[in-house]
Amino acid sequence: MSRNNIQRTILQNLDDSSLYPFINRSDMMLVRWIISKSPSKQLTEEQVRKSLHNIKKRKYIKIVPASSKKGETNFNIELTNKGKEILKSDRFRDLSISRPETWDGKWRFVIFDVPEKYRRDRDILRDKLKKLNFFQIQKSVWVHPYDCEKEIELLTEYFGVTQHVLSFATSIKRDDLLKEYFEKQGFGL
């Protein structure tokens, strides 16, 4: 695993965790915890320690005192705004829509009217919808067969255009064209 991937794994684990206050200034506890949470479980303590050092140095996380009792100080680990932005960017880049075992028969529509001053964001949003295999019905109307509410929420928040985007799920009649398109794409509806 590359150093950048290790750093991103660490940030992801810290972001997903409610265990920030467990650390007792000893990075060793954190290092072992990160290794235990790693998907591959093949990280060495040295790799994690170096990556953790780099993450602190780049100010992706901060360690702040939380509480003291009987001479023992506990610390919280918090992602900084910079760390959160790295994760947000990763989530956008790696975004995909999960394929359920069976299709529920509903179509997910995304409709947007993003103002011209956000043209760049609108164009990137449109490109991302294409990459996620949405079908374009009209210029700003897209459809997908699988649940993608969380993914659309992440996309619209990422670009700051949530107020300009509407998404909903519905069954429709005369959807043969849509079914044909998605069958050709290998969706198996």
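**Notebook: helices, sheet and single residues**

I began with two helices. The axes of helix α4 (residues 81-93) and helix α6 (residues 149-159) come within 10 Å and cross at roughly 130°. I took helices (H or I, at least four residues) and strands (E, at least two) as DSSP runs, numbered from the N terminus. Axes are lines fitted to C-alpha atoms, for helices over the stretch in contact, and angles run from 0 to 180 degrees between N-to-C directions. α4 and α6 are therefore oblique to each other. For the wording I used these cut-offs: under 35 degrees is roughly parallel, over 145 roughly antiparallel, 65 to 115 roughly perpendicular, and the rest oblique.

I noted the ground rules next. The model is predicted, so local features need pLDDT of at least 70 and side-chain atom pairs count only at pLDDT 80 or more, while totals for chains, interfaces and linings use all residues. Residues are numbered from 1 along each chain as its sequence is written, and side-chain values use heavy atoms, with hydrogens and water left out.

**Back to α4 and α6**

I looked up the hand of the crossing of α4 and α6: it is left-handed. Left-handed means that the near helix is turned anticlockwise from the far one by less than a right angle; clockwise is right-handed. From α4, the contact is made by Lys88, Ser89, Arg91 and Phe92. From α6, Leu154, Leu155, Glu157, Tyr158 and Phe159 take part. Contact means heavy atoms within 4.5 Å. I sorted the contact of α4 with α6 by class and got five nonpolar, one polar and three charged residues. Here Ala, Val, Leu, Ile, Met, Phe, Trp, Tyr, Cys and Pro count as nonpolar, Asp, Glu, Lys and Arg as charged, and the others, Gly among them, as polar.

**α5 and α6**

I turned to a second pair. The axes of α5 and α6 come within 10 Å and cross at roughly 160°. That makes α5 roughly antiparallel to α6. The crossing of α5 and α6 is right-handed. In α5 I listed Asp121, Ile124, Leu125, Lys128 and Leu129; they meet Ile152, Leu155 and Phe159 in α6. By class, this contact of α5 with α6 has six nonpolar, no polar and two charged residues.

**The sheet**

I then traced the strands. Four of them form an open sheet in the order β4-β5-β3-β6, with antiparallel pairing. Two strands pair if DSSP finds at least two bridges between them. β4 and β6 are the edge strands, each pairing on one side only. Neighbouring strands of this sheet are turned by 25° against each other on average, direction ignored.

I stayed with β3 (residues 107-112). Five of its six residues are buried. Buried means under 20% relative accessible area, exposed over 50%, partly exposed in between (1.4 Å probe, protein chains only). Six bridges join β3 to β6 (residues 165-170), and the two run antiparallel. I found Val110 opposite Ser167 in β6, and Phe112 opposite Val165 in β6. Four bridges join β3 to β5 (residues 141-144), again antiparallel. Ile111 has Val141 of β5 as its bridge partner.

**Single residues**

I checked Arg126, which lies in helix α5. At 14% relative accessibility, Arg126 counts as buried. Leaving aside neighbours within four places in sequence, Arg126 is in contact with Phe112, Lys139 and Trp142.

I looked at backbone angles too. Most residues other than glycine have a negative phi. Asn133 has a positive phi, near 65°. I placed Asn133 in the loop between α5 (119-131) and β4 (135-138). At 31% relative accessibility, Asn133 is partly exposed. Arg174 is not a glycine either, and its phi is positive at about 55°. Arg174 lies in the loop between β6 and α7 (176-184). At 81% relative accessibility, Arg174 counts as exposed.

I ended this part with Lys50, in helix α3 (residues 45-57). Lys50 is partly exposed at 43% relative accessibility.

**Whole chain**

I counted seven helices and six strands in the protein. Along the sequence, the pattern reads α-α-α-β-β-α-β-α-β-β-α-β-α. Of the 189 residues, 37% count as buried. Of the contacts with a separation of 6 or more, 66% join residues 24 or more positions apart.
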